[in-house]
Structure formats: C-alpha cells, structure tokens
Amino acid sequence: MGLFTSRKTVFVDSDILVIGGGFGGCGAAYESRYWGRDLKVVVVEKANIERSGAVAQGLYAINCYMGMRWDENQPEDHVRYARNDLMGLVREDLGYDIARHVDSSVHMFEEWGLPIMKNEETGRYLREGKWQIMIHGESYKPIIAEAARKAATEVYNRIMVTHLLMDKTRPNRVAGAVGFSVRDGNFYVFRAKAVIVAAGGASHIFKPHSVGEGMGRTWYAPWSSASAYALPIQVGAKMTQMENRIVLTRFKDGYGPVGAYFLHLKTYTENAYGDDYEATWYDSIKELVGDYVDHQPVPTCLRNHAFLQEIKAGRGPIRMVTKEAFADPHKETVGWENFLGMTIGQAVVWASQNIDPKETNPELIMSEPYVMGSHATCSGAWASGPEDYAPADYQWGYNRMMTVEGLFGAGDTIGGTAHKFSSGSFTEGRIAGKSAVKYVSDMGHGAPQVDEAEYEALKKAVYQPMETYDVGRNEIVAGTVSPSYLLPIQGLQRLEKIMDEYVGGTSTNYLTNEPMLTRGMELLGMLKEDINHLGADSLHQLQRAWELHHRVLASESVARHTMFREETRWPGYYYRADHPQLDDDNWHCFTLSRRDPGTGEWAMEKAPVHHIID
Amino acid sequence: MPTFVYMTRCDGCGQCVDICPSDIMHIDPIYRRAYNIEPNMCWECYACVKACPQHAIDVRGYADFAPLGHSVRVRREEEKGTVSWKIKFRDGREKNFVSPIRTTPWGSIKSPADYDRPSQDALKAQELSHEPEKLHIDALPALPPQ
C-alpha cells in the first residue's frame, strides 16, 4: 500500500472559509461572523493563530491610522501618500476604502486591550509620524487572535492549504480548498461557498544576505511562503504589480526597522565619512524619474536608490546617527523597546557586537527583495473595488472579490493597496468578510460542488514527496545527495539563486534585463519540473515542500511581470538595465497577468490607473 | 538567533511545539524533550521562549554574524500584563526593560455575535461592524460615484 492511501480524508463544510489566520484572516473572521450570524465560518492556519503571520512577534507601531476623530488626516490624504510612495501607481479606490474604515479597527483594538501610547499633552494617540501611532504591541497578535477565535465557528491550526478547489457545476467559481495536517498527516477537504485568501506574502524567493544559520533572519517572516499568490494563481485569478518587489533599508543583520528611529527619535543617516549623501544623488535621480524626485515625502525606493549609489561609490557603510538621540533616556528606551517589541534579533545582534547606540552609530543595510502587498509595495491579486464609487472597470462583483467568482482576499493577497500594514490588512479582511457574507446571502440555491476526482488527484499529489522520499532513500547509503529527489531546502536554495542572479537580487545590485530574465525563466522552468521530484522525510518537510511549490509559482509570476514592464519604475527596488528610466507615456499603468490553469500559459496585459483623488 | 533548549530544564510539555510559527520546535524521540530542528528557519520571534513554562528555551545569536557571549532573556507574565527583558552585552553591560502587554483581562473580548443582529439594509450599505460609532466621527466618509 502506498503511503498516501493510508491518509484519512477529513471533510469540513463551511459557508465562508478563511485561509490564513494573520491580521487579514482575523479581520475576515470577525466581520464574517458579525454580518453572517447563522453562517459557518472556518479559519484554517498553517501554524497556530495565537502567534502566526507577519505580526507573530509583535509590533511597536500601527503604521496606518488616520485619526479622523481629531481631524489629523482624511482618507484622501492617505491615498495621496501611498500613490506618491509607489511612484504614481496604486488602486486609489481600494486604498481609500481601507483608509476610511481603518480607524474603527484601531479603536476596536484599543477596546480589546491593546496598549496604545498616549500623548500626555493632547490625550490623543502618540504619533510616531503622520500615519503611525505607537503601541506596546508584544501581545498584538494574541489579542487579535482572541477576537478571531470568538468569531469563528471553528479554527483549524497546523493545516497547510496547498490548493483551492473549483466548482464542478460552474466554470471559474471557487468551491473550497485542500491541505494536510502537519500534525496527524490527515488530508483535509474544505468545502465552502466563499473563500477568503488571507495567506502570507513572500520571503525567501530571493537569496538573503545571510545564507548559513542566519538565513531565517529575513526581514519578512520565513513562514511567509507566498501562499497569498500561489493559491489564486493556481486557479487562474488575475494578478497585478507582481514586479513591484520591495527592498528595505534596515539596521544591519537583524533587519531592525528604522521607522521609529527616523520619525520619532529624529535620528538620521550619514555615510562613512560623516556626510549627508541623499542630496548628492538628486540630479542623477531626476534624470531617471523626473519630477517624482521632488515629491514629499521622498518615495521609499528613491531613498534606497541614493543609499545604494553611495555604497557603490565606495563611501559605505551608511550609518544611522543615534548617539545624539540616545542621550535622552526616554528615547533610548523607545529605541530598544522598539526592537524588543517586533525585531528581537536586532537587540541580539547589538548585544553580541557590543553596539550600544548611545556610543556607536549602527550600520544600515539594504535587504534582499521581498514580494508582498501591505508595506511600501503592492503586489497581489486584482480585486473588485467598493460598490459605491469604484470606477466601472474596477468593479465586476463584490468588493475584494478576485477575478474568480466567490474568491476574496485581504492583506498581502490583494494588489494595488500599499501601506495598509497590520491595521489596514485587518481592515481589508473586515471588508472582504462582509462582502463574502453578501455573496453567500445572494447565492440562494445552487451552492458550489467539489469534484471528487479533483480532490482525489490532489491528495495523491500532495503526499507525493513522502512517497518519492520513501522510495528514493533506499537507493543511497545515507546523506542528503540523491539522484532521485531534491530536498525542499535544496530546491529553495536553487530558487533563491536564480531569482538573485537573474531577476534583480542583491548580487547584481538589484539589476536585471530582458536577456537575464529570459535565462532566469529557462532555469525556473527546469526548477518547476524538478520540484515534482521533491523528497520529504516527514510531515514537516512536506510542509516545506509545498511552501516551495508556492514560492516557485509566485517567483515565476514576479519574473514575468518584471519582463513585461519595460521601464524602471522604482529605482532602489529594482532596475531594468535595458530600460533604465521611468516611462510615464507607456507605463503609467498596472501590469496584469493570468496563468491559464489548464495549459499553464501566461497572458499579460495593461490596466489603466484611475486617479480618482486629485 | 536560533533557539536551543536546556536539557535539564525541559520537561517535554510541547508548548513550544504548539506555538512555533515556523514549526521548528519538535520533541526529540529519544530524549522526549524539545529542540530546534531547523535553526536556519528560525525568525527569533521568541514565541517559544515566552511560552515555555520551564524557562528552558534560550537563544544564541546566529553564528553567521553574532559573536558569542550575549543574551537577551524575556519573561512574559499574562497575569501581571507585562513583558520584561534583560539584555546582556558580550562585554557584560546590561539593560533592562519592562512593557505592558494588555490593558484588559485575557478572554474578555466579546464575540461579534454578542452584539445586536444587523439589518439586511445594513448588510447592503458600506459601513462595517460598529460603524460609524467606532470611527468616532459622524458618518463613514465616501467618494462620489465615478
């Protein structure tokens, strides 16, 4: 008897299935229950929702809060901010929608028990910057998870969702998902009327700076394995802006964030010789991107670009000047607690290297690229906009529904909506949750039906790496080198090398061109074939195998989008060396892709950017 | 900094296994105690360190770039509502920090189903749960139809 045949199949029926229990998923669960009192709402999570997703470690700031009650900002202002930072290209309809709702989410967080710091003079939330408020967020995720657990009918932890299921009675309609339990090995078939993908973006698709033990200290969590993209791509949902990877300027090695340092502590950067360097590069940036360099605040990618040019000119390392700020004991405490609340590893790096920022100005570095949809970047699925004002060509159904019927998304999954961060992702989950309830209420009879042949075939495919390992391991004496299978880590390192060397990683200074992309895609093609021969010696390695499948599919999408956009829109994120300038005449647009689930062929197109805010 | 587990403190309860977001804390089949099976997939998030009732889990900075001799220890106390940190530098200097983690009792969040059932008309409108009240402004902002 083959190994996979001994795996039990567990069926879970629901009205609304939420995939991923991070901030997007928790918001989706909460809102689905609020509006759908009689509906069955199921959350399925790869880890444990108590500490899962990008906020597992905690956060020290909420980076998306308007403060409309104090007239601090209006939603329009946030749209202008995000549009400016992304060099003109955001889904303004979706961004406005998050911004108009986000304050209510933050007020709920405070009511639930999240400690939000207060400005003692005004009594308002303590501002770190125009959009950011400061929190004691060690338990941010457990608090939000508590709300989600109360809302959901059932939460299934430790189940890795590998594929979505499509309706057999109607084309292009979702019917559920399949996955496996990383604990007992059972196969799960989730049958649902609506599915909300709220999975994570992508770390570890580009080679990280540290490749030994430290490879786990990526900026974005190592468990963010691109399921946010792979699940929709597999079923033919259209994706947008997948070329818009992000590179972060961070404290060296620990990737400690710089936001509080710049905004609240008023620290600043200088080159190795104590000079301010950003102004040095003004003229050359203007030649590349024109007037965008004059926008305020200076877009994140352009500041990266100046940093990178300065390093290339031989005037690194770049340091953050902390000595002055840290002379103030309050600021010193904020500086340390900022890391302890969300990037503990940075505190460890400094402790280990005797770096006390009171006495030493610490080094900064530019990270490897990441693909995600909630920070200063907006890769993700192409989604329908809010019913009350979205332009006609941005509306084909329910708010946050993708181009597959009944398939919704939130957080990293949804494209075009930069700068949503934790609170905006939760809010987008709420929007998607309410929409999914509407969709299910309108459905009436004729609920989707899963196809037994489809999930049985997937069951065989899902466990294949264990079968492959079991057979192949007897061929060799011992060790990790087999002619018959690749271990997941081996496939992952090949992927990271291809993406790094051909698609704009650190080893080429984030540079690529058409011939490099062509060669990279040839190698990705072979990797795609080879990952049909992954070997997994345990359920844990089976999880790694499917994470790799998701990363490879998302990477292919990134490479194709990068090839399609023949300009350098975001210097400092990546460079098309064969099209080094920003080209608004031809590329002031979104890039869209669709992979045909039947043939695996990709089709690319442009979609207009509608500026609905002045 | 990947985690490691002290042999004499771990009793094999499995709380770290249950919480680890990366699924890398596993029980060793021979010693029946936990260990980190995949240090290069550890984000040093400290979820396991905080969850360990025996304080058996510690971290040693990533060998790639962290010289030895440091420690960053944590104690998370839900009843007190605090998290306490002790940072020890390689050269022996120490820093201590304490922060609040929650202002309400654990388990006190109300289910959304405990609020009045919303109307069908409200379902069709743009307001989300508890809006506009929870926005603390008069009405949900909107743009004119395009």
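These legends describe close-up views of a predicted model. Residues are numbered from 1 along each chain as its sequence is written, and chains are lettered from A and ligands numbered from 1 in the order in which they are written. In this predicted model, local features need pLDDT of at least 70, side-chain atom pairs count only at pLDDT 80 or more, and totals for chains, interfaces and linings use all residues.

**View 1. The contact between chain B and chain A.** Chain B gives 66 residues and chain A gives 76 residues. Two residues are in contact if their C-beta atoms, placed from the backbone, lie within 7 Å. On the side of chain B that touches chain A, helix 1 (15-19), strand 6 (82-88) and strand 7 (94-100) each supply at least two residues. Helices (H or I, at least four residues) and strands (E, at least two) are DSSP runs, numbered from the N terminus. That side of chain B has 39 nonpolar, 14 polar and 13 charged residues. Ala, Val, Leu, Ile, Met, Phe, Trp, Tyr, Cys and Pro count as nonpolar, Asp, Glu, Lys and Arg as charged, and the others, Gly among them, as polar. The average pLDDT of chain B is 97, and 99% of the residues score at least 70. pLDDT is the predictor's confidence in each residue, from 0 to 100. The model has ipTM 0.98 and pTM 0.98.

**View 2. Domain 1 and domain 2 of chain A.** Domain 1 covers 249-366 and domain 2 covers 461-606 in the domain assignment of chain A. Such bounds come from an automatic or database domain assignment. Taken over C-alpha atoms, the centres of the two domains are 31 Å apart. In the contact, 11 residues of domain 1 meet nine residues of domain 2. Helix 7 (282-289) and helix 8 (300-312) of chain A are the elements that give two or more residues to the domain 1 side. Helix 8 gives the most, with seven residues. By class, the domain 1 side has six nonpolar, three polar and two charged residues.

**View 3. Helix 2 and helix 3 of chain A.** Helix 2 (residues 75-85) packs with helix 3 (residues 92-112) at an angle of about 135 degrees, and their axes are 8 Å apart. Axes are lines fitted to C-alpha atoms, for helices over the stretch in contact, and angles run from 0 to 180 degrees between N-to-C directions. That angle makes helix 2 of chain A oblique to helix 3 of chain A. Angles under 35 degrees count as roughly parallel, over 145 as roughly antiparallel, 65 to 115 as roughly perpendicular and the rest as oblique. Helix 2 brings Pro75(A), His78(A), Val79(A), Ala82(A) and Arg83(A) to the contact, and helix 3 brings Glu92(A), Gly95(A), Tyr96(A), Ala99(A) and Arg100(A). This contact has five nonpolar, two polar and three charged residues.

**View 4. Helix 5 and helix 16 of chain A.** The axes of helix 5 (residues 227-234) and helix 16 (residues 539-564) come within 8 Å and cross at roughly 75 degrees. The two helices are therefore roughly perpendicular to each other. Ser227(A), Tyr229(A), Ala230(A), Ile233(A) and Gln234(A) of helix 5 meet His549(A), His550(A), Leu553(A), Ala554(A) and Ser557(A) of helix 16. The contact holds five nonpolar, five polar and no charged residues.

**View 5. Helix 14 and helix 15 of chain A.** Helix 14 (residues 488-502) and helix 15 (residues 514-530) pack at about 170 degrees, with axes 9 Å apart. They are therefore roughly antiparallel to each other. Helix 14 contributes residues including Gly491(A), Leu495(A) and Tyr502(A), and among those of helix 15 are Met516(A), Leu523(A) and Asp530(A). The contact has eight nonpolar, two polar and three charged residues.

**View 6. Backbone details in loops of chain A.** A cis peptide bond links Gln296(A) to Pro297(A), with omega about -10 degrees. Pro297(A) sits in the loop between helix 7 and helix 8. The peptide bond from Gly316(A) to Pro317(A) is also cis, and omega is near -5 degrees. Pro317(A) belongs to the loop between helix 8 and strand 12 (319-321). Gln241(A), a residue other than glycine, has a positive phi near 55 degrees. The loop between strand 9 (239-240) and strand 10 (249-251) holds Gln241(A).
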